[in-house]
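Please read it with the coordinates open.

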Amino acid sequence: MNIFRLSGDLLHLASIFILIARLHQTKSCAGISLKTQYLYLLVFATRYLDLFLGFVSVYNTLMKIFFLASSGYIVYLMYSPLKASYDKSLDSFRVEYIIAFAAVVALAFPHKYSVVEVLWSFSIYLESLAIIPQLFQMTRTGEADNITSHYVFALGGYRALYMLNWFYRYYTEDNYVDYISWIAGIVQTALYGDFFYIYITRVLKGKSFKLPV
């Protein structure tokens, strides 16, 4: 554990709390991609199978349980009590392509050839692309409320901090190499590039999040 990973974990937690608070306060899931939330639930379900295989630490176990439970809760909120506010026509990205791509790459380039490791690799590749439906929906509407933009920024910031964590570990830990996480993390952070620019130049200055026309 180092300051970059800890900060990344805290920002990841913050993103989920922001989203849940937003759903409860507004009683609406308008502007939120249910498909992205489905993908994150799939990410955690396939990544944290090791919960049943061994114990690392209390912190590690609690974080995994929280991410699984909170992702399931968000999907439940959007699929059931808030379903009437969900606009399926705007959340139209074909996620089957993302899932298929992640599955093929995981089978071709896994961490190791075992069921658990292939599924772990799949979760890493899938997470790098899971935000695409949310970003795609935002480009279709051309805007987002500020709470939603805070949520997306926190998600992107968490991945950027994890990249710093990997750099730190590379220079401080002998023989530390994790090409799968590195490549996926770079791709994921790059996807946020335009969003980060608009967020910094507009939302942080008190303006609403709007894409340039």
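1. **Basis.** This is a predicted model, in which local features need pLDDT of at least 70 and side-chain atom pairs count only at pLDDT 80 or more, while totals for chains, interfaces and linings use all residues. Residues are numbered from 1 along each chain as its sequence is written, and side-chain values use heavy atoms, with hydrogens and water left out.

2. **Fold.** The protein has nine helices and two strands. Both are DSSP runs numbered from the N terminus: helices are H or I of at least four residues, strands are E of at least two. In sequence order the pattern is α-α-α-α-α-α-β-α-α-α-β.

3. **Dimensions.** The C-alpha trace spans about 45 × 35 × 35 Å along its principal axes. The radius of gyration is 17 Å, which agrees with the value near 17 Å for a compact globule of 213 residues. That radius is taken over C-alpha atoms, and the globule rule is 2.2 Å times the number of residues to the power 0.38. Of the 213 residues, 44% count as buried. Buried means under 20% relative accessible area, exposed over 50%, and partly exposed in between, with a 1.4 Å probe and protein chains only.

4. The unreviewed UniProt entry carries the annotation "transmembrane region" for residues 65-82, 94-113, 119-136, 148-167 and 179-200. Positions follow the numbering used here, feature names are shortened, and annotations may be inferred rather than shown by experiment. How much of residues 65-82 is helix in the model? The span is 83% helix and 0% strand, with end C-alpha atoms 24 Å apart. Residues 148-167 are 100% helix and 0% strand, and their end C-alpha atoms lie 29 Å apart.

5. The whole structure holds seven salt bridges. The criterion is a side-chain nitrogen of Lys or Arg within 4 Å of a carboxyl oxygen of Asp or Glu. Aspartate 9 pairs with arginine 5 at 3.9 Å, N to O. The two are four residues apart in helix α1 (residues 3-26), so about one helical turn separates them. Aspartate 9 is buried at 5% relative accessibility, whereas arginine 5 is partly exposed at 27%. Lysine 64 and aspartate 50 form another salt bridge, at 2.8 Å, N to O. Lysine 64 sits in α3 (residues 58-79) and aspartate 50 in the loop between α2 (34-47) and α3, so the pair ties together parts 14 residues apart in sequence. Lysine 64 is buried, at 8%, and aspartate 50 is partly exposed, at 28%.

6. **Further charged contacts.** Arginine 94 bridges to glutamate 96, with the closest N and O atoms 2.4 Å apart. Arginine 94 is partly exposed, at 44%, and glutamate 96 is partly exposed too, at 37%. Arg47, Glu127 and Arg159 are linked in a network of salt bridges.

7. **Largest pocket.** Its space is about 860 Å³. Of the 30 lining residues, Arg5, Arg47, Asn60, Trp120 and Tyr162 are the closest to its centre. The search uses a 1 Å grid over the protein atoms alone: a cavity is a set of points where a 1.4 Å probe fits but cannot get out, a pocket is an open set with protein on both sides within 12 Å along at least five of seven lines, and lining residues have an atom within 4 Å of a point. Grid points join across faces, edges and corners, and a volume is the space filled by probe spheres set on the points. At least two lining residues come from each of α1, α2, α3, α5 (115-129) and α7 (146-172). α7 supplies the largest share, six residues. The lining has 15 nonpolar, six polar and nine charged residues. Ala, Val, Leu, Ile, Met, Phe, Trp, Tyr, Cys and Pro count as nonpolar, Asp, Glu, Lys and Arg as charged, and the others, Gly among them, as polar.

8. **Second largest pocket.** This one holds about 170 Å³. Its lining includes Leu135, Met138, Asp194 and Phe209. α6 (132-141) and α9 (193-201) each give at least two residues.

9. **Cavity.** There is one cavity of 30 Å³ or more. The largest cavity holds about 80 Å³. Among its lining residues are His12, Gln37, Ser71 and Tyr151. α1, α2, α3 and α7 each give two or more residues to that lining. The lining has six nonpolar, three polar and no charged residues.
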